[in-house]
Amino acid sequence: MIYQVAVPTPLDQVFDYLPPENWMPYPLAVGMRVLVPFGNRVLGGLIVAIQEESDCPIEKLKAIRAVLDKTPLFNTEELALLQWVSRYYHYPLGEVLDAALPSLLRSGKTELVKKPTQRVYSLSPQAREFTLETLPLKKNTVQHRICSLLWEYSEALSREAILQQIPTAAPSLSKLVGAGWLIEEVRERKELLETFPQDSPPELNPDQRAAVTKITDSLDKFFPCVLDGVTGSGKTEVYLQVIAEVLTQQRQALVLVPEINLTPQMLQRFRQRFPVNIAVLHSQISAPARLQAWRAAQSGTAQIVIGTRSAVWTSFANLGVIVVDEEHDLSYKQQDSLRYSARDVAMVRAQRTNIPIILGSATPCLETLYNAQQGRYTHLSLPERAGSAAHPSVKIVDMRQQPRQLLSKTLHQAIKQRLAEKQQVLLFMNRRGYAPTLTCYHCGWVAHCLACSANLTYHAQPPRLECHHCGVVRPLDIVCPECQHTELHFLGRGTERIEEDLQALFPEARILRIDSDSTRQKQKMQGFIEQIHAGEADILIGTQMLAKGHHFPQVTLVGVLNCDGGLFNVDFRGSEHLAQMLVQVSGRAGREAVAGEVILQTYHPEHALFQHLLQQGYPAFAEIALQERREANLPPYGYLALLRTEAENFEKAVNVLQAAKMELNIFSDIELWGPVRAPMEKRAHFYRAQLLLQSVRRDALHQGLRAVMPNLRKLANAQKVRFSLDIDPLDLL
Ligand code: ADP
Ligand code: ZN
Ligand code: ZN
């Protein structure tokens, strides 16, 4: 027998090997990892096929050195999906497999050495002498709640599980241990989250019921659908009830979310609903714990997997449904190495597995809406908010009347009123730092990154200049390096400066700034969310981190300070992304009893995007945007691929793309744009160029790429030019 092995090398091919000498213990199968000699190295790889013959003369073949698995890591269906991914993204199969595996199984690594551990708490014998009622602790205190949780649910609970239920439990836990009521131990980490089933499903409204019925009627076939519902319309409830049905059939569910730490409520709801094992997969989880979660899904021990983008690669024993929540979210697309879209891969996976897939969003992306219009996806809509909340009112404020103000009179007044009524205000500004520009009025100098074609942003906490593209940090200039003038000025406002200005305007208000700087430390975000829920903040200032998925019942006013950047974005998707963002932030307003209000500040109130979006809603906006795409043969009416290069000078970067163009020119169905300098010409000392490929036929585009990619990889390699291919690029930057 000849074993075809995919190894992680840039060469897009598989290699033939003989079995290990005198191999007896168990039959080798497709999907097992092996170590193989490769050139003068030994590499880890995966068996992808077993054949009787090889194209190579048999005496030239080498033998497999070692076999790493006793059972396959992927079943044949999953392997076929990964092979499809390799073909579709024109990415070497060996590297696709490596990207799809948990890091501890990559590159021939052997299974984990150290078991992950966690701190667990249980009631001490001393405590067990009492009952929950007679326990000498004050009722309704955190300490008492912790004890009752332990009484109610199990012998021992992990620290994580307790904090999930009682976020402020940390200090009380150590006090209870100190007082001898609890025992703290370090135990091997359980593979899965503890669940706390305690809520029963609500009665669905008619739209939800219709959606759930349509999906559960189609559990045994490929059933792609869009769950199109405004924020708060009860989409999550639909996922839960569909999954409940899937679980009764002993099948598993995969739920993809854009960023797990932004959706703790989602996780919480799953844990409270289902008495099953839930595995969580995202980048903040340690490698051993991820491997455990992955194994649990593979063996069928975990019935539900909730995870971010890369969870789409999880191997399942018996997958029954896939949910992609906030399917329009950009974070589903990986922006380096294997540039896949987890949503699109999930779609293909569902199709190959013959199961339903639910794409949920308040603002489905244009491709998805188009697929629904074409009848490829079933369109399920939830037009009304669940519960009592009404749609928020939206007002546009013309800033030309009051230029350069942080707050228009309207917004200022509205904030004052909400503060007086003890409601929360959310202000949105998608720019972190203090000021985006430091300049000298005397000579016109601007603080610039030496490595990138970009300005440096001034950050006040701690004081520094930072490049948001390459991350370089340097001290603040005190004198102008050009003219030695000592008076430098900050232009523009980021979240830090807005926080400062607002504090001056509303000295009494408790202000919380939430951006990637203020939430860099682990658990910080969770802490902020708890503060908001506890009503310990009056004004929230946030970047788009805050626009997604959250449910803050006390926020009744949302202010968008300035969104004009998005109106004139060079990227053809700019307006789509802006519209989605505006709808998403607006969705944060008034999710419960009090009606919400949204105020948008702009210098372009007459812009068509606002007119369509605000007067007629997202579907009307999408209709017009689709029209424009159709006229320009842009996605979903045409297909794009972007070749990018980076080199130490622009010449070299362009040369490789010039060569690509020469080779691609013979494919008459592909239009070529460029090569041109990338919109951001230089990043981290590298000069960047790009060549855009466009075609109205997807197969033609891929055929051309298939023909030229091997040569281009070699050429780029030889020229020491960084080279990448982005299929279905989301931005052209
Ligand atoms: P979405 O996922 O669309 O934002 P959710 O499923 O989170 O919406 O629902 C919003 C709120 O309405 C939640 O608090 C949820 O518990 C509640 N809810 C959802 N469906 C119902 C229903 N049928 N009856 C009562 N409350 C519901
Ligand atoms: Zn100067
Ligand atoms: Zn830089």
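Start by selecting Gln334, which sits in the loop that runs between β13 (319-325) and α11 (342-353). Keep in mind that this is a predicted model.

**Stop 1: Gln334**

Is Gln334 buried or exposed? Its relative accessibility is 15%. Buried means under 20%, so Gln334 counts as buried.

Now show its side chain. It reaches the backbone oxygen of Asp336 at 3.4 Å. The side chains of Gln334 and Ser337 are joined by a polar contact of 3.5 Å.

Which residues does Gln334 touch beyond its neighbours within four places in sequence? Select Arg309, Arg339 and Tyr340: Gln334 is in contact with them.

**Stop 2: a three-stranded sheet**

Move on to β6, β7 and β8. These three strands form an open sheet. Read across it and the order is β7-β6-β8, with antiparallel pairing. Which strands lie at the edges? They are β7 (156-158) and β8 (182-188), and each of them pairs on one side only. Look at how the strands are turned. On average, neighbours in this sheet make an angle of 35 degrees with each other, direction ignored.

Zoom in on β6, residues 117-123. How many bridges link β6 to β8? There are seven, and the two strands pair in the antiparallel sense. For one facing pair, select Arg119 and Val186: Arg119 stands opposite Val186, which is in β8.

**Stop 3: the zinc ion**

Finish at the zinc ion (ligand 2). Which atoms coordinate it? Select the SG atoms of Cys440, Cys443, Cys480 and Cys483, which coordinate the zinc ion at 2.3 to 2.4 Å. Follow these donors along the chain and you find the spacing C-x2-C-x36-C-x2-C.

Why is the arrangement tetrahedral? Check the angles between the four donor atoms around the zinc ion: they run from 104 to 115 degrees. The ideal angle for four tetrahedral donors is 109.5 degrees.

Cys480 is buried, with a relative accessible area of 0%. Cys483 has 27%, so it counts as partly exposed.

Key. Residues numbered from 1 in each chain as written. Chains lettered and ligands numbered in written order. Predicted model: local features only at pLDDT ≥ 70, side-chain atom pairs only at ≥ 80, totals over all residues. Heavy atoms only, no water. Donors = N, O, S within 2.8 Å, 3.2 Å for Na, K, Ca; no water. Tetrahedral: all angles 85-135°; square planar, octahedral: opposite > 155°, others 65-115°. Buried < 20%, exposed > 50% of the residue type's maximum accessible area, 1.4 Å probe, protein only. Helix = DSSP H or I, 4+ residues; strand = E, 2+ residues; numbered from the N terminus. Polar contact = N/O pair within 3.5 Å; in protein donor to acceptor, adjacent residues only side chain to side chain. Contact = heavy atoms within 4.5 Å. Pairing = 2+ DSSP bridges. Axes fitted to C-alpha atoms, helices over the stretch in contact; angles between N-to-C directions.
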